[in-house]
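Hi,

Here is the structure I promised to pass on.

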Amino acid sequence: MTAPDLRDVERMLAIRVFEEKLLELFAAGKVPGTTHTCLGQEYIPVAVLDLVPDADVFSNHRGHGHYLARYDDPRGLLAEILGKDEGICRGVGGSQHVYRPGFMSTGVQGSGVPVAAGVALSRKQRGTGGLSLCFVGDGTWGEGVLYETLNIAALWNLPLLMVVENNGIAQTTPSADALAGTIGGRAAAFGIEHILIDGCDVDAIRSALAGPVARVRSGEPLVVEFRTERLGPHSKGDDTRDAQWRARAAAADWYAVYDVQGNESFTAAERRQRERIDRVVAEVLAMEQSRWEHSA
Ligand SMILES: Cc1ncc(C[n+]2csc(CCOP(=O)(O)OP(=O)(O)O)c2C)c(N)n1
C-alpha cells in the first residue's frame, strides 16, 4: 500500500467519529427513529466521490458517509438526523431521506436506482455531461427494479455508475443465503462492465477506477463492487454475525490497515476530528427542534 494521503485519512476519520458519536447519542435516547452507520465502509465514498465531482449522487439507508465525504457538513447532517430546523431538510427527512441539489438518499431499498437512471437519461438528453452515481448494498440485488434499470441503462447507454457496497450481509441475512451466482455475472448478463475492488487503499482504488469511470461519462454504465465489511450492527442492536465473522471484519478495518494509532499525523487528525465533532454535537443539541415535528 502506498502511504495514504493525510487529507483522505482525515476525511475517513471524520466519518468514523461522526458515526461513533451517533451511536452514543442513540444510546442516550437523543436520536428519533432508527439509524444505520457505515463504520468500516468510510473509505468507499472518500475514494469514489473524488473521481466524480460532476455526479448526482443517489444514496441509501447507510448514507451518512456518502453525504459527509461529499460535503463535509456534519452539522447539517446531525441536525437533520436529530430533527432540527437547521438540518439539511429542516429535520423532516432524518437519517435516511436527505436531499440537497446533487444528492438524494432514500431508505426504500432499491428505489434510488431507477431515479439515478432517469437523471442520467436527462443529462444525456440535455447534453450536460456528468453522470449519476448510485450506491447500493449487496442485499439490494434482490430488488427487481435494479434489473429493469440495468437493462435500460445498457440499452440506452446511460452515464450510470453503480457502486455496490458488498458487506456480505443484508440486515440479518448473509448474502450467500440470498444471492445466486455473482454480482459480476448479473452485470455481465446486461453487457455491463463490472469491477471488483477488494481492499481499502484509496489511491489504488482511484487508479483502478479512473479509466472506467471516464467511460461512464460517455455512456458506458458500470458496476463497481467493493468487498467490504460492516463493523457495526445493521442498525443498532441487530448483529447476528458470529465472533469469527466480527473478528474478520475488525482485521479488515481500514483504521487497522492504515495503522492510524501508530502514525502521529493520523492520531493528531483523529484528535482534531473528535474535538470538531464534539463541538458540532453540542451545537446541534442546543438547537430548536424542527417546526415540522409532529406533536402527537
Ligand atoms: C423495499 C425495502 N425492503 C426492506 C427494507 C428493510 N431493510 C432496510 S436495509 C435492509 C438490508 C439492506 O441490505 P444491503 O442492501 O445489503 O445494504 P446494507 O444494509 O448491508 O448496507 C433491509 C432489508 C427496506 N428499507 N426497503
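Below is what turned up, sorted by topic.

First, the ground rules. This is a predicted model, so local features need pLDDT of at least 70, side-chain atom pairs count only at pLDDT 80 or more, and totals for chains, interfaces and linings use all residues. Residues are numbered from 1 along each chain as its sequence is written, and side-chain values use heavy atoms, with hydrogens and water left out.

**Aromatic rings**

Searching the whole structure gives 8 aromatic pairs. Here rings of Phe, Tyr and Trp (its six-membered ring) pair if their centres lie within 6.5 Å; planes under 30 degrees apart are stacked, over 60 edge-to-face, and the rest tilted. One of the pairs is W254 with Y255, which is edge-to-face, with 5.9 Å between the centres and 65° between the planes. Both W254 and Y255 are buried. For burial, the cut-offs are under 20% relative accessible area for buried, over 50% for exposed, and partly exposed in between (1.4 Å probe, protein chains only).

Elsewhere, Y67, Y71 and F103 make up one aromatic cluster. Y71 also has a charge over its face: R100, at 3.7 Å from the ring centre. A charge sits over a ring if NZ of Lys or CZ of Arg is within 6 Å of the ring centre and within 35 degrees of the ring normal. R241 does likewise with W245, its charged end sitting over the ring at 5.9 Å from the centre.

**Helices α3 and α4**

Helices and strands are DSSP runs numbered from the N terminus (helices H or I, at least four residues; strands E, at least two). Helix α3 (residues 64–71) packs with helix α4 (residues 74–81) at an angle of about 150°, and their axes are 9 Å apart. That angle makes α3 roughly antiparallel to α4. The cut-offs are under 35 degrees for roughly parallel, over 145 for roughly antiparallel, 65 to 115 for roughly perpendicular, and oblique for the rest. The axes are lines fitted to C-alpha atoms, for helices over the stretch in contact, with angles running from 0 to 180 degrees between N-to-C directions.

Which residues in α3 and α4 meet? H64, Y67 and L68 come from α3, and P74, L77 and I81 from α4; contact here means heavy atoms within 4.5 Å. By class, the contact has 5 nonpolar, 1 polar and no charged residues. (Ala, Val, Leu, Ile, Met, Phe, Trp, Tyr, Cys and Pro count as nonpolar, Asp, Glu, Lys and Arg as charged, and the others, Gly among them, as polar.)

D72 lies in the loop between α3 and α4. With 46% relative accessibility, D72 counts as partly exposed. Setting aside residues up to four places away in sequence, D72 touches Y67 and R276.

R90 is not a glycine, yet has a positive phi of about 55°. R90 is in the loop between α4 and β2 (99–100), and at 35% relative accessibility counts as partly exposed. Q171, also not a glycine, has a positive phi of about 60°. Q171 is in the loop between β6 (169–170) and β7 (173–174) and, at 43% relative accessibility, is partly exposed.

**Buried polar and charged side chains**

Is N167 buried or exposed? N167 has a relative accessible area of 6%, so it is buried, and its place is the loop between β5 (160–166) and β6. Not counting residues up to four places away in sequence, N167 touches Q41, R62, D138, T228, E229, R230 and W245. N167 and D138 are 29 residues apart along the chain, with 7.1 Å between their C-alpha atoms.

D8, in helix α1 (residues 6–27), is buried with a relative accessible area of 7%. Leaving aside neighbours within four places in sequence, D8 is in contact with V46, D50, V202, D203 and R206.

Q273 belongs to helix α11 (residues 264–285) and counts as buried at 7% relative accessibility. Leaving aside neighbours within four places in sequence, Q273 is in contact with E10, L13, A14 and V17. Q273 and L13 are 260 residues apart in sequence but 6.9 Å apart in space, C-alpha to C-alpha.

Cheers
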